[in-house]
Amino acid sequence: MTNRRKSTRRLTMAVTGVAALLAGSFTMSQANAQSQTSAPDALSSEAAVELATTLDETLSADTAGTFYDAEAETLVVNVTDGSAVAEVQAAGAEARVVEHSTAQLEAAADEVEEHAVPGTAWGIDPVSNAVKVTVDSTVTGDALADLQDTVAGLGDQAALEQVNGEFSPYIAGGDAIYGSGSRCSLGFNVTIGGQRGFLTAGHCGSAGSSWSASSGGSSFGTLSTSVFPGSDYAAGRYSSSISTPSAVNLYNGSSRSITGAANPVVGQSVSRSGSTTGVTSGTVTALNVSVTYPQGTVRGTIQTTVCAEPGDSGGALFSGNTAHGLTSGGSGNCSSGGTTFFQPVVAALNAVGASIP
């Protein structure tokens, strides 16, 4: 509510300043007010997510992506048309004029996809205003050379990065859940059709599989939906009286309540809870990323610097009281770091008709 009042005040001040200019009576006090309209609001990462969501729905001009500048505590909105700057500033964000539009970068991403092999991830990076292509250590020889040539041919619309390890779904068999001889992690408790349910990763098990809270324990529920690859989410319904709070285990004797879901913004700090490594934190580095695992390509993921290991699959990605994603896969571990990908929880909720809590 405070940011909305600030945005309304900025818009009023901007209109007043323009009227004064046209009338030829632009006073010093009005000049100061007008200059303030270009100063973006100082925002927490959670407030930046809320503003980014609002701008997606209300801006009349097309944008070329948004990201959160954690150091400046501002939401940055890329635009390719200078006429959109005032509208972005009036909303309380920082406008940055960039060269490449979303459509141009999507076309570049499509070209990268034609040459992608297992071990390749690609998505639009709003910070560099380019397609970020990441390959793991399994991509070598002719396949690597082909990708390097493709990226070079796209000029400053794309950049290639090599990382250690292998992109793979984190399956080894929040809290640990067990099914079909494997261990994964519960993502979020949800409501599906008025009944209690839960979300986890699609690669953890197939629809119809039974899950328990301990190895060899009695079943608490069954997966009703499982999608992998393409996406990486699964939904189940509880069939026992087990307690199902809308909360994430913080692995320190406490939990964090989850009251809603939203897509994060690039640059935002986030945390992940999983049954192998507990709670770890990092930064969102890209959205709508496609990653090709040996089993197939998963699209639309959230790419982060948050570490994870086998068994963390399906676990919760969150910030504050907001759910963001389900752990899918990546490279590295929590000793050496790595790149991790998450299924956006908003897309999963919409796909299965669920809500939080």
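Biologist: How many helices and strands does the protein have?

Modeller: Please note that this is a predicted model. Helices and strands are runs assigned by DSSP, numbered from the N terminus. In this protein the secondary structure comes to 7 helices and 24 strands.

Biologist: What percentage of the residues counts as buried?

Modeller: A residue counts as buried when its relative accessible area is under 20%. The protein has 357 residues, and the part of them that counts as buried is 47%.

Biologist: Is the pair of Phe-220 and Tyr-238 stacked, edge-to-face or tilted?

Modeller: A pair of aromatic rings is described by the distance of the centres and the angle of the planes. By the rule for aromatic rings, the count comes to 5 aromatic pairs. For Phe-220 and Tyr-238, the ring centres are 5.4 Å apart and the planes are at 40 degrees, so the pair is tilted.

Biologist: Which strands hold Phe-220 and Tyr-238?

Modeller: The pair links distant parts of the chain, as its members are 18 residues apart. Both residues, Phe-220 and Tyr-238, are buried. Together with Phe-198 they form one aromatic cluster. Phe-220 lies in strand 13 and Tyr-238 in strand 14.

Biologist: How many residues apart in sequence are the parts tied together by Phe-228 and Tyr-293?

Modeller: The ring centres of Phe-228 and Tyr-293 are 6.3 Å apart with planes at 35 degrees, so this pair is tilted. Phe-228 lies in the loop between strand 13 and strand 14, whereas Tyr-293 lies in strand 19, so the parts tied together are separated in sequence by 65 residues.

Biologist: What distance separates the C-alpha atoms of Val-289 and Gly-300?

Modeller: Val-289 is placed in strand 19. Because its relative accessibility is 0%, Val-289 counts as buried. Val-289 and Gly-300 are 11 residues apart along the chain, and the separation of their C-alpha atoms is 5.0 Å.

Biologist: In which helix is Glu-106 found?

Modeller: Glu-106 gathers with Asp-110, Glu-111 and Glu-114 in a patch of negative charge on the surface. At 44% relative accessibility, Glu-106 counts as partly exposed. The element that holds Glu-106 spans residues 102-113 and is helix 5.

Conventions
Residues are numbered from 1 along each chain as its sequence is written. This is a predicted model: local features need pLDDT of at least 70, side-chain atom pairs count only at pLDDT 80 or more; totals for chains, interfaces and linings use all residues. Side-chain values use heavy atoms; hydrogens and water are left out. Patches are made of residues with over 30% relative accessible area and no salt bridge: like charges are joined within 9 Å, nonpolar side chains (Val, Leu, Ile, Met, Phe, Trp, Tyr) within 5 Å. Accessible areas come from the Shrake-Rupley method with a 1.4 Å probe; for residues, only the protein chains shown count as cover. A salt bridge is a side-chain nitrogen of Lys or Arg within 4 Å of a carboxyl oxygen of Asp or Glu. Lys and Arg count as positive and Asp and Glu as negative; His and the chain ends are not counted. The place of a charge is taken as NZ of Lys, CZ of Arg, CG of Asp or CD of Glu. Helices (H or I, at least four residues) and strands (E, at least two) are DSSP runs, numbered from the N terminus. Buried means under 20% relative accessible area, exposed over 50%, partly exposed in between (1.4 Å probe, protein chains only). Rings of Phe, Tyr and Trp (its six-membered ring) pair if their centres lie within 6.5 Å; planes under 30 degrees apart count as stacked, over 60 as edge-to-face and the rest as tilted.
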